[in-house]
Amino acid sequence: SYYSTLKEIDGRIFATLCTQKRGFFEKDGYENYVSDSTGFIFTRAAPLIPKREGWPEFTTIDSLKGTIIQKFETDKSLFQKREIYTKISLDNGKSWSNLRIKDPENKESYSCDVDEDENCSLNTRGPFFSWDQENYLDRTLGILTAIGSVSTSKVFDYDNQQTYISRDGGISWSKIFDFPVKIEFGDHGNIIVATSNYWGRTRDAGTVYYSLDQGYTWSELPFGSRMSDSFVSAFENDGSGSVFRIYSYSDSCTYIIDFGKAFGGRTCSESDFEDWYQSNGECVNGARYKFKRRKHDAQCLAKKSFKEIERVEEPCACTKKDYECSPGFSSNKKGECVLDYSLLDSSKLCDGSVDTLHLAPTVLTTSNKCWNPLAIDLAEVSCKELGVRKSKHKTRENTFNLETCVSWLRSLLFVWFP
């Protein structure tokens, strides 16, 4: 196998590996793996990616601890159409779920029952944040956008793509446009600017849309046919600004839109903010994380850089999910950490100085913030038993038998050319 994508996340390594096909009729498959805190021991993690050739991608957001969004796009073949699978993890890749649709206003417009998110969910194509991918991290506080389609089938409908928004860090989504748009954020998601041209599709060409309430309502700025193909970007790379540039490819002009005087130029006061918890308030790495985010209907602008926005960390009481297997132990099918002599050997814990060790099967994960650690019963480990097992292990020397090889080739040729 070889890795396809690899990233360090909160002291662990998340990797998507390609398992190469072993036969003519088999397909390359992909599996997700998450390492322990040492970076040496990997365990298989969901989601199960179909055994189809394609391109896995995953995205992390620095400000949202533990959040990973993964997309797998299959290759198109003679007998199979291209499919797209999109899932989200809130716990560093240990568990995954579909992108749920929570959209009461448009519920009847979907072709499947969005209340059954296991069979009816959003699968995405395109950026999760803004069109300018070089500086997409940490522009907003849990406000994301994506291009995609909703159906029971994973076959992606390229002729029926819509634009969706999430305001809870990617857990639930709602539709904001019936067509794809290019999007840019300002004031950390309180200002959103969109242009309708996307990948050469020119629906409502020449129209710029904007929202001052985190995408709940939208207004239009008609530029006319002189701007049939455009690109939107923000002046401030961290998403805190209120000035946007729109470049029109059709007339080679740049237009500037300044929202600094919106709401009479009023700067938000303390009462205009509310606590927003990431991951729906669930503990991640032993803590809950919250931000002060502007209320969506507040008539003001935050006017803060991202560095000025405080992320509050609230430690949680330790639970089993805050622990991982200690060196020398591995997880069994029940999820229990049991002694693994091969790992014990590589850990060098049995260095010959003692015959017996007393080790904790589990240990807190790296960078974990939980309080009141659990009482872990120590396991008695016999280093003598490790020595016995190593002495019983024999290696077989690889040998090459020319006569057997020639005989096998003759039989194979006889099958091909009788």
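This is a predicted model: local features need pLDDT of at least 70, side-chain atom pairs count only at pLDDT 80 or more; totals for chains, interfaces and linings use all residues.
User: In what order do the strands of the open sheet E14-E17 stand, and how do they pair?

Analyst: Strands are DSSP runs of E, at least two residues, numbered from the N terminus. Two of them pair if DSSP finds at least two bridges between them. Here four strands form an open sheet, ordered E14-E15-E16-E17, with antiparallel pairing. Residues are numbered from 1 along each chain as its sequence is written, and side-chain values use heavy atoms, without hydrogens and water.

User: How many bridges join E16 to E17?

Analyst: Four bridges join E16 (residues 207-211) to E17. Tyr 209 stands opposite Glu 220 in E17.

User: How many disulfides does a search of the whole structure find?

Analyst: A disulfide is a pair of cysteine sulfur atoms within 2.5 Å. The search finds six. One of them joins Cys 318 to Cys 370, S to S 2.1 Å. Its S-S torsion is about 85°, so it is right-handed.

User: Is Cys 318 buried or exposed?

Analyst: Buried means under 20% relative accessible area, exposed over 50%, partly exposed in between (1.4 Å probe, protein chains only). Cys 318 is buried at 7%. Cys 370 is buried too, at 11%. Cys 253 is partly exposed, at 32%.

User: What is the handedness of the disulfide of Cys 325 and Cys 337?

Analyst: The torsion is about -90°, so that disulfide is left-handed. Its sulfur atoms are 2.0 Å apart.
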